[in-house]
Amino acid sequence: MEVVIVADAEAAGTLAAGIVERLLAGKSDSVIGVATGSSPIITYRRLVEAFDAGRISFADAHAVLLDEYVGLAADHPQRYRRFVHEHLVDHVDLRADHVHAPDVDADDLASAGPRYEALLTQLGGVDVQLLGIGTDGHVGFNEPGSSLRSRTRIKTLTAATLADNARFFDHPDLVPRHVMTQGLATIGDARHLVLVACGTAKAAPVAAAVEGPLTASCPASILQWHPHVTVVIDEGAASGLVHSAYYRETHAGKPSWQHY
Ligand code: GLP
């Protein structure tokens, strides 16, 4: 696991976008796992800038969402598919039919999870999965207690996540209780995980995920079980880490030939 501590959210987003930019330069038909929430917004802005500058194209790429609310109308502003369009897809040449999400509108939600898993397999797997982290340590919407081998399925949000996400809704009671999310094993199948977290509110979950035990009580701790992980955090999010001096020294001495 490579932990990169940067000055601020701008630098974090720029670094994460650089990873996707490099991926697309080498593999135009990449499958990019897209996260929602505030954490990846700067990453998407940098990717749009790279597209505008003619450095990258998404024409052959696919985007796969991590998760989606259950029970919101398809045109609801908080639908995650809409979020991904608003911040990335609508500004680049990514085809709308190349944007995939769990089918939360299906009559049979129990089969929607396995169908999403089959789609991910059919696409050849995810090349880079962008991730944020919840204050309760969730990734995607895998709340504490999620099976470490879970696959895409319905989940119930914790009180902490409901409270965190209430700011996006007119009233706290309007936050959906249920979601569909890629499972922890699904996320673990991606070839490269890139987690972006900024601010002191993320210090405790980042410390638990990076330096705590591998446990379902902190779903983001599955990062430790993956062969290729980049954790990009600002000073605030890094403030709970015991080994931050080591991460800084390692990054400062990173060989020029070694990519993220
Ligand atoms: C939501 C998403 C997660 C995201 C988390 C953190 O719960 N399902 O994928 O990581 O929010 O959000 P933020 O980046 O806004 O702190």
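A residue counts as exposed when its relative accessible area is over 50%. W225 has a relative accessible area of 70%, so W225 is exposed. This is a predicted model.

**The surface**

W225 sits in the loop between α7 (203-211) and β10 (229-234). Together with L148 and L214, W225 makes up a nonpolar patch on the surface. The three residues share about 340 Å² of accessible area.

**The aromatic pairs**

The structure has five aromatic pairs. Two of them are set out here.

| Pair | Centre to centre | Angle between planes | Arrangement |
|---|---|---|---|
| Y69 and F169 | 5.7 Å | 85° | edge-to-face |
| Y80 and F141 | 5.8 Å | 15° | stacked |

Where do Y69 and F169 lie? Y69 belongs to strand β4 (residues 67-69), while F169 is in the loop between α5 (159-165) and β8 (178-181). The pair therefore ties together parts that are 100 residues apart in sequence. Are Y69 and F169 buried or exposed? Both are buried.

Now take the stacked pair, Y80 and F141. Y80 is part of helix α3 (residues 80-87). F141 lies in the loop between β6 (128-131) and β7 (153-156). Because of these positions, the pair ties together parts that are 61 residues apart in sequence. Y80 and F141 are buried too.

These residues also belong together. Y69, Y80, F141 and F169 form one aromatic cluster.

**A lysine over a ring**

K254 lies over the face of Y260. The distance from the ring centre is 4.6 Å.

Notes:
Residues are numbered from 1 along each chain as its sequence is written. This is a predicted model: local features need pLDDT of at least 70, side-chain atom pairs count only at pLDDT 80 or more; totals for chains, interfaces and linings use all residues. Side-chain values use heavy atoms; hydrogens and water are left out. Rings of Phe, Tyr and Trp (its six-membered ring) pair if their centres lie within 6.5 Å; planes under 30 degrees apart count as stacked, over 60 as edge-to-face and the rest as tilted. Helices (H or I, at least four residues) and strands (E, at least two) are DSSP runs, numbered from the N terminus. Buried means under 20% relative accessible area, exposed over 50%, partly exposed in between (1.4 Å probe, protein chains only). A charge sits over a ring if NZ of Lys or CZ of Arg is within 6 Å of the ring centre and within 35 degrees of the ring normal. Patches are made of residues with over 30% relative accessible area and no salt bridge: like charges are joined within 9 Å, nonpolar side chains (Val, Leu, Ile, Met, Phe, Trp, Tyr) within 5 Å. Accessible areas come from the Shrake-Rupley method with a 1.4 Å probe; for residues, only the protein chains shown count as cover. A salt bridge is a side-chain nitrogen of Lys or Arg within 4 Å of a carboxyl oxygen of Asp or Glu.
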